[in-house]
Amino acid sequence: MNNQTRLVIYGNSLNMAGIAASLKADPDLEVICLNPHAPGARQSLVALSPSVIAFDLNETNPGLDINLLRDRPGLLLIGVDICSDKLLVLSSHSSQAHCMTDLINVIHKDAAAHT
């Protein structure tokens, strides 16, 4: 049984190629490289159904949008900024908001987690 996490490297820069090469050494990751500018890249990305998508924040990445997060519960988008050695992590975690109190609770919970 294969318990690898499917990770798509969505970019074709030298930086992303280096990241892909390093990540392929982890036996718990199935690393797939995808050129975002190739014809049908968005369809391939959806068809691959990855758990994680890593992309270069300093490049244009067509096909990465809010709908991708909305359509894929549990998806993790990781933007890599090589210039600043920072990561931007976006998650498709969702919460129910039946009233304003629900929204306020999500805001406070998230703020507390980041302080």
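Biologist: Why is Asp 85 called exposed?

Modeller: Its relative accessible area is 73%, and the label "exposed" needs over 50%, while buried means under 20% and partly exposed is what lies in between (1.4 Å probe, protein chains only). So 73% puts Asp 85 in the exposed class. Before you ask about the source: this is a predicted model, where local features need pLDDT of at least 70 and side-chain atom pairs count only at pLDDT 80 or more, though totals for chains, interfaces and linings use all residues. Residues are numbered from 1 along each chain as its sequence is written, and side-chain values use heavy atoms, with hydrogens and water left out.

Biologist: Where does Asp 85 lie?

Modeller: In the loop between strand E4 (76–81) and E5. Asp 85 also has a positive phi of about 55°, although it isn't a glycine.

Biologist: What about Ser 49: which accessibility class does it count in, and why?

Modeller: Ser 49 comes out at 38% relative accessibility, so it counts as partly exposed. Ser 49 has a positive phi too, about 50°, and is not a glycine. You'll find Ser 49 in the loop between H2 and E3.

Biologist: Why is the contact of Glu 30 with Arg 6 called a salt bridge?

Modeller: The rule asks for a side-chain nitrogen of Lys or Arg within 4 Å of a carboxyl oxygen of Asp or Glu. For Glu 30 and Arg 6, the closest N and O atoms are 3.1 Å apart, so the pair qualifies. This one links distant parts of the chain, with Glu 30 in strand E2 and Arg 6 in strand E1, 24 residues apart. Arg 6 also stands opposite Glu 30 in E2.

Biologist: How many salt bridges does the structure hold?

Modeller: Two. Asp 65 and Arg 42 form a salt bridge, with their closest N and O atoms 3.3 Å apart. Asp 65 sits in the loop between E3 and helix H3 (66–71), and Arg 42 in helix H2 (residues 41–48). At 33% relative accessibility, Asp 65 counts as partly exposed, and so does Arg 42, at 25%.

Biologist: What makes the lining of the largest pocket four nonpolar, three polar and two charged?

Modeller: The lining is Val 89, Leu 90, Ser 91, His 93, Ser 95, Val 106, Lys 109, Asp 110 and Ala 113. Ala, Val, Leu, Ile, Met, Phe, Trp, Tyr, Cys and Pro count as nonpolar, Asp, Glu, Lys and Arg as charged, and the others, Gly among them, as polar. So Lys 109 and Asp 110 are the two charged residues there. H4 gives the most to this lining, with four residues.

How values were computed
Two strands pair if DSSP finds at least two bridges between them. Helices (H or I, at least four residues) and strands (E, at least two) are DSSP runs, numbered from the N terminus. On a 1 Å grid over the protein atoms alone, a cavity is a set of points where a 1.4 Å probe fits but cannot get out, and a pocket is an open set with protein on both sides within 12 Å along at least five of seven lines; lining residues have an atom within 4 Å of a point.
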